[in-house]
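This briefing goes through selected side-chain interactions, grouped by topic. Please keep the sequence and the coordinates at hand while reading.

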Amino acid sequence: QVNLVESGGDLVQPGGSLGLACAASGSIESIRAMGWYRQAPGKQREAVATVTSDGSTNYADSVKGRFTISRGNAKNTVYLQMNSLQPDDTAVYYCFLNRAWRSSITTYWGQGTQVTVSS
């Protein structure tokens, strides 16, 4: 089993910055990717940023140039630095982890952390 704990959600003004962190524990061998999704009220959950085990990163078009994803030295932590935040970034942000297990990939989710961008 894998446990993901997110932190860093807060209320921030438009144009501001915020950093999220996610720490994984438990059976965290064979991690293939970690990253973030978000879900705004009344909208579907959408991918925000992903970092793979080889360090490759991928971003949603809406956050490119503003958000940066990175992994900690221990490889079981992922961070999301969010700059130039806009009201449309308001959402619950969920950390995820993809783990390889017996020729399949299992995805684990955190409980979510609220990010609100408002003046």
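A residue counts as buried when its relative accessible area is under 20%, as exposed when that area is over 50%, and as partly exposed in between. W109, at 37% relative accessibility, therefore counts as partly exposed. The model is a predicted one, and the values below are computed from it.

**Aromatic pairs and the charge over the rings**

- A search of the whole structure finds 3 aromatic pairs, and one of them joins Y37 and F96 in an edge-to-face arrangement, with 5.4 Å from centre to centre and 80 degrees between the planes.
- This pair links distant parts of the chain, since Y37 belongs to strand β4 (residues 31-39) and F96 to strand β9 (residues 91-101), 59 residues apart.
- Y37 counts as partly exposed at 26% relative accessibility, whereas F96 counts as buried at 5%.
- F96 also pairs with W109; the ring centres are 5.8 Å apart and the planes stand at 45 degrees, so this pair is tilted.
- The second pair likewise links distant parts of the chain, with F96 in strand β9 and W109 in strand β10, 13 residues apart.
- Taken together, Y37, F96 and W109 form one aromatic cluster.
- R45 lies over the face of W109, at 4.7 Å from the ring centre, and R45 also lies over the face of Y94, at 3.8 Å from the ring centre.

- E6, placed in strand β1 (residues 2-7), is buried yet has no salt bridge, and the nearest side chain of opposite charge, that of R45, is 7.8 Å away.
- The side chain of E6 instead reaches two backbone nitrogens, that of C95 at 2.7 Å and that of G112 at 2.7 Å.
- Leaving aside residues up to four places away in sequence, E6 touches a set of residues including W36, Y93, Y94, C95 and G112.
- G112 sits in the loop between β10 (104-109) and β11 (113-117) and is buried, with a relative accessible area of 17%.
- With the same exclusion of residues up to four places away, G112 touches E6, V92, Y93 and Y94.
- The C-alpha atoms of G112 and V5 are separated by 8.3 Å, although these residues are 107 residues apart along the chain.

**Salt bridges**

- The structure holds 5 salt bridges, among them the one between E29 and R99, whose closest N and O atoms are 2.8 Å apart.
- That bridge links distant parts of the chain, with E29 in the loop between β3 (18-26) and β4 and R99 in strand β9, 70 residues apart.
- E29 counts as partly exposed at 42% relative accessibility, while R99 counts as buried at 6%.
- K64 and D61 form another salt bridge, with the closest N and O atoms 3.2 Å apart; K64 is partly exposed at 49% relative accessible area, and D61 counts as exposed at 65%.
- D89 and R66 meet through their side chains in a salt bridge of 2.8 Å, N to O.
- D89 lies in the loop between β8 (77-82) and β9 and R66 in the loop between β6 (57-59) and β7 (67-71), so this pair ties together parts that are 23 residues apart in sequence.
- D89 is buried, with a relative accessible area of 2%, and R66 counts as buried at 17% relative accessibility.

Methods
Residues numbered from 1 in each chain as written. Heavy atoms only, no water. Helix = DSSP H or I, 4+ residues; strand = E, 2+ residues; numbered from the N terminus. Buried < 20%, exposed > 50% of the residue type's maximum accessible area, 1.4 Å probe, protein only. Contact = heavy atoms within 4.5 Å. Lys, Arg positive; Asp, Glu negative; His and termini not counted. Salt bridge = Lys/Arg side-chain N within 4 Å of Asp/Glu carboxyl O. Polar contact = N/O pair within 3.5 Å; in protein donor to acceptor, adjacent residues only side chain to side chain. Phe/Tyr/Trp six-rings, centres within 6.5 Å; stacked < 30°, edge-to-face > 60°. Lys NZ or Arg CZ within 6 Å of the ring centre and 35° of its normal.
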